[in-house]
Amino acid sequence: MWEAVQLPRETDAPEETEWLIQQFAEEKMQEYDGNVFFCISRRDQERRLTLRQAAQACRLSARDGRAMCTAFSAQKLADRPGRDVLFVEPSMQQYLDEYLDACPAGRRYVLIYCRRKGNGPCLRTSIFMDSWWNRGVDIWDLGEQ
C-alpha cells in the first residue's frame, strides 16, 4: 500500500505541522507490529527530530540506518530482539534488501517517506520505493509537508 498522508487540518504554523506529523507517526508505529523505517533527507533535521520524538513516545529508539548497517550484518540486525526504527536512504538498498529478507515473516512493516529538502522523486528514489512496495512494506508519503 502506498498512501499520501492527509493531516487532519491545514496549518501555516510549522511547529503545529510538526506536532501533527509526530502524532501521525506515533499512530503508525502503534498500528504496525514490524519495523519502522523513515526515508528523510539527512539535511531535514527538524523532521528527523519530530520522528525521533514520535519513536520515543512509543518507547522506541530511532537510529541512523547507515550506522546500524556498519555495526551489524543484515542477519544480525534482523535477529536483534524488539523492533527497529531506522532512518534509511536509497544508497542502503542492497543492505536493506538483505535485512528485509532476514526479518521475521508475518509482520507488517511501514516506511514513512518525506520529500522535503532534496528527497523528492528521481529515478534512484523510485527504484528504492519500488523495492519496498514489492516486499509488501506499506509506504506513507508525507509529500513536501
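Predicted model: local features only at pLDDT ≥ 70, side-chain atom pairs only at ≥ 80, totals over all residues.

Let me start with strand β5, which runs over residues 110–113 and is covered on both of its faces. In a regular strand the side chains alternate between the two faces of the sheet. Here V110 and I112 point to one side, L111 and Y113 point to the other, and all four of these residues are buried.

Which strands does β5 pair with? On one hand there is strand β2, residues 36–39, which pairs with β5 in the parallel sense over four bridges, and within that pairing C39 stands opposite Y113. On the other hand there is strand β6, residues 138–141, which also pairs with β5 in the parallel sense, again over four bridges, and there V110 stands opposite D138. To get from β5 to β6 the chain passes through helix α6, residues 123–134, and this β-α-β crossover is right-handed.

Now to the charged side chains, where the count comes to 14 salt bridges. Side chains of opposite charge can pair when their charged atoms come close.

One of these salt bridges joins R108 and E31, with an N to O distance of 3.8 Å. R108 sits in the loop between α5 and β5, whereas E31 belongs to helix α1, residues 14–31, so this pair ties together parts that are 77 residues apart in sequence. R108 is partly exposed at a relative accessible area of 39%, and E31 is partly exposed with a value of 39% as well.

R108 also meets D138 in a salt bridge, this time at 3.6 Å from N to O. That links the loop between α5 and β5 to strand β6, across 30 residues of sequence.

The last pair I want to show is E46 with R116, whose closest N and O atoms are 3.6 Å apart. Since E46 lies in helix α2, residues 45–57, and R116 in the loop between β5 and α6, the pair ties together parts that are 70 residues apart in sequence.

Key
Residues numbered from 1 in each chain as written. Heavy atoms only, no water. Buried < 20%, exposed > 50% of the residue type's maximum accessible area, 1.4 Å probe, protein only. Helix = DSSP H or I, 4+ residues; strand = E, 2+ residues; numbered from the N terminus. Pairing = 2+ DSSP bridges. Right-handed = clockwise from strand over helix to strand, strands pointing away. Salt bridge = Lys/Arg side-chain N within 4 Å of Asp/Glu carboxyl O.
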